[in-house]
Structure formats: structure tokens, C-alpha cells
Amino acid sequence: MIRTKRKIALLLLLLSAVTLSSVPSIMLVQAEDLVDDQPPLITDEGFEEGFITATITDDVGVAAVNAYYSVDGVESAIALTETVDNTYVGSIPGYDSAKTYTWWVEATDTSGNAAKTTPASEVGIIGVLEELKAVVSSMTDEELGATAENRVNSLCNKIDAVEQMIAGGEYNGAWHKLEHDIKPKLDASSPQSWIRNPSDKSDEALELARDVQSRIAEENGVKHHSTTDGAEIPDAENSSQAQGRGKDKGKGLGKKHGAQGGT
Ligand SMILES: [Ca+2]
């Protein structure tokens, strides 16, 4: 009788042990479900005028979002902060639209899983001018006639001059050099055109020159009416003919003159 009781007691003990051991295993299964091994999802990453944006989501939670960028061979990082609905934004300090930036976004979730985007390049104004030089340099007698070599050299010198102006912050001068000295040569419909036979190359060159102009206008506040492209950029100054041109330059001269007269 005692033996039987002992047996039952042992059996119960064994059963409870089995039951108890099965409890942690159930908990383990639940814990496994909670293990976060999914890195954040980065979509819609973009770069505009020195602002880097991205949409970041994660199954558990986003811990940190950074953007990395490389300019002039120097790599830097900025933190992106959430504005609305998983949209993260950060701005590059001292952004220079003349330069080319290579950039990517990296996001980390609360479990340390990280994801990053493929590096992309945002070509700056100087980069577009280099593209323009490459297209111009590829032009032959077909586009430019028998004097193609001279014309290519001359156009490349003009483009170099624009690059120097931009490097020196002379955006206004650069815009005018493109408007009055470069675009008319590339535009087959202009009386000053150097294009004998319009081609994909000459079209592309003209398009690149226009692209540089619009970048100068948008990113550096140069506002002028392009006479060769129709209404490209509205200019309040030129629309009212009563006002003189070159308002800013005139002001500078006036100030100097006034200071001298004051003594
Ligand atoms: Ca996650």
C-alpha cells in the first residue's frame, strides 16, 4: 500500500515535472515570436537642395536614422529626424550646389538591426558643366562643320570660364555667359549658331546648358528672363521697363560715390 502510494506520488511528481518543463517551452515559443530580426525598411530616399529625406518603417521600432554623404573626398554624417508619418529629414550644413554629393541613408531599429540604401550621386552644377564639355568635345564636323576642332576648343574655354565664375560665386555672370555666349552657339535656331547640322549631341548640349542656368536660378536666386528659351524664369525687373537694369550693381556704385562725397 505504501509502495503504491509512493509510486503514485512519484508518478505525480514526474507528471508535474513534465508539465512544468512544458511551460517554459511554450514561453520560449512566444519569446521567439518577439525576436526582432527584421531591419528597418527605407523607401523614397531623396536629395534636394541639400536636404536628405527618407521614409523609414520597422516592425518593432526605429531607433536611429542617419545620412552619410561624401563631398570633395570627405565623408560626413548627419542625423535625420522624423517630421511626419515615418518621414525623416536632415539638412547638409554648408551645402554647395556647385559640388557633387554622394550620399546614402542608414536606419537602425531598437534591436540593432541596420539597413542602408545604395549610395547615389547628386551631381552639382560643376558636374553638369563637365558633362556639357564632354558632349561638346564629342561633336565633329558633322555638327560643327569644317572648323569643328576650333569651335570645340572655343566652347570648352567658355565652359571653363563659367566653371570659374561659379567656383568664385559669380552666379549672375555665369548665367549671362551661358545665355549670351554659349547657348546661342549651340542653338541651331540662333543667328549666332555654330551648329551646322542639329543632332542628338547638339540637342543634349543645349539641354545641359539650360539645366545649368535653371540650377543657378533655382538654387542661387539669380532671376532673369531667358531671351532664347521663351519664358523660362519670370523676371519682375525686366517686365517693368521703366526701371533700369542691373539694379544691384548700380546701388553698389552709388554707395561708393556717396561715401566719397560725404567728406
Ligand atoms: Ca525590426
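1. Helix 4 (residues 148-167) packs against helix 5 (residues 171-186) at an angle of about 165 degrees, and their axes lie 8 Å apart. Helix 4 is therefore roughly antiparallel to helix 5 (angles over 145 degrees count as such). Axes here are lines fitted to C-alpha atoms over the stretch in contact, and angles run from 0 to 180 degrees between N-to-C directions. Helices are DSSP runs of H or I with at least four residues, numbered from the N terminus.

2. A note on the source. This is a predicted model: local features need pLDDT of at least 70, side-chain atom pairs count only at pLDDT 80 or more, and totals for chains, interfaces and linings use all residues. Residues are numbered from 1 along each chain as its sequence is written.

3. Which residues of helix 4 meet helix 5? Among them are Leu155, Ile159, Val162 and Ile166. Their partners in helix 5 include Tyr171, Ala174 and Leu178. Contact means C-beta atoms, placed from the backbone, within 7 Å.

4. Look at Ala174. Leaving aside neighbours within four places in sequence, Ala174 is in contact with Val162, Met165, Ile166 and Ile216.

5. The largest nonpolar core has 26 residues. Ala174 and Leu178 are among those that touch the most other members. Helix 2 (125-137), helix 4, helix 5 and helix 6 (200-220) each give two or more residues to this core. A second, separate core of 14 residues includes Phe47 and Trp103. A nonpolar core is a set of buried Ala, Val, Leu, Ile, Met, Phe, Trp, Tyr and Cys residues joined through C-beta atoms within 7 Å.

6. Buried residues make up 21% of the 263 residues (buried: 20 or more other C-beta atoms within 10 Å of the residue's own).

How values were computed:
A residue is buried if 20 or more other C-beta atoms lie within 10 Å of its own, exposed if 12 or fewer, and partly exposed in between; C-beta atoms are placed from the backbone. Angles under 35 degrees count as roughly parallel, over 145 as roughly antiparallel, 65 to 115 as roughly perpendicular and the rest as oblique. Two residues are in contact if their C-beta atoms, placed from the backbone, lie within 7 Å.
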